[in-house]
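Subject: Structure handover

Hello,

Please find the structure below, with the sequence alongside. My notes on what was found follow.

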Amino acid sequence: MAKTGKSIDDYGLPIYRRDKWTCQYCGFRGHDPVTFRFLSVDHVVRKADGGPDAPSNLVTACRACNDYFNRRSFSGFEEKREAIRERLELEADAFRRLVEPTLRRPEM
Ligand SMILES: [Zn+2]
């Protein structure tokens, strides 16, 4: 599967900041040290179709939406938007429960 989503390391923070750490497709918020890991930067016009790496062609997208669009077209997304976001929020909560104890561990 071709990966069109980029990590924060590829583009830095400007796109996430501009979009207020929110997936522009489903509204998932990746605004803390745990949930931002579930965000990616998506090309509105795919690179394969000539879309540039310019901010005007880049949006914050959660990994679930990014994955969805990598495999399907935009049609049909509207009915699934809520389910996609809810599933990712559950996943983020589970991940948070897993890592937060280690984040909060006091210095020894
Ligand atoms: Zn999303």
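How many of the five residues of strand 1 are buried? Five of the five are, so strand 1 is largely enclosed by the rest of the structure. A residue counts as buried if 20 or more other C-beta atoms lie within 10 Å of its own, as exposed if 12 or fewer do, and as partly exposed in between, with C-beta atoms placed from the backbone.

Before the details, two remarks on the source. This is a predicted model, in which local features need pLDDT of at least 70 and side-chain atom pairs count only at pLDDT 80 or more, while totals for chains, interfaces and linings use all residues. Residues are numbered from 1 along each chain as its sequence is written.

Overall layout

The protein has four helices and two strands. Helices (H or I, at least four residues) and strands (E, at least two) are DSSP runs, numbered from the N terminus. From that end on, the order of the elements is α-α-β-β-α-α. Of the 108 residues in the protein, 22% are buried. Two residues are in contact if their C-beta atoms, placed from the backbone, lie within 7 Å. Among contacts between residues at least 6 apart in sequence, 63% join residues at least 24 apart.

The two strands

Strand 1 covers residues 39-43, and strand 2 covers residues 58-62. They pair in the antiparallel sense over five bridges; two strands pair if DSSP finds at least two bridges between them.

Ser40 is counted as buried because it has 26 C-beta neighbours inside 10 Å. The C-alpha atom of Ser40 is 9.4 Å from that of Cys65, and the two residues are 25 apart along the chain.

What about strand 2: how many of its five residues are buried? Five of the five are, so strand 2 is also largely enclosed by the rest of the structure. Leu58, Thr60 and Cys62 point one way from strand 2, with Val59 and Ala61 pointing the other way.

The core

The largest nonpolar core has 17 residues. Such a core is a set of buried Ala, Val, Leu, Ile, Met, Phe, Trp, Tyr and Cys residues joined through C-beta atoms within 7 Å. Cys23, Cys26, Cys62 and Cys65 have the most contacts inside this core. At least two residues of the core come from each of strand 1, strand 2, helix 3 (63-71) and helix 4 (77-103). Strand 2 supplies the largest share, four residues. Cys23, leaving aside its neighbours within four places in sequence, is in contact with Phe28, Leu39, Thr60, Ala61, Cys62 and Cys65.

Helices 3 and 4

Which residues of helix 3 are buried? They are Ala64, Cys65, Asn66 and Tyr68, and what covers them includes strand 1, strand 2 and helix 4. Ala64, Cys65 and Tyr68 meet Phe77, Ile84, Arg87 and Leu88 in helix 4.

The axes of helix 3 and helix 4 come within 9 Å and cross at roughly 140°. Axes are lines fitted to C-alpha atoms, for helices over the stretch in contact, and angles run from 0 to 180 degrees between N-to-C directions. The two helices are therefore oblique to each other: angles under 35 degrees count as roughly parallel, over 145 as roughly antiparallel, 65 to 115 as roughly perpendicular and the rest as oblique. The crossing is right-handed, the term for a near helix turned clockwise from the far one by less than a right angle, with anticlockwise being left-handed.

Glu78 is in helix 4 and is exposed, with 8 other C-beta atoms within 10 Å. Glu78 and Cys26 are 52 residues apart in sequence and 9.0 Å apart in space, C-alpha to C-alpha.

Two residues to look at

Most residues other than glycine have a negative phi. Lys20 has a positive phi, near 55°, and Trp21 also has a positive phi near 55°. Lys20 is exposed, with 11 other C-beta atoms within 10 Å, whereas Trp21 is partly exposed, with 17.

Regards
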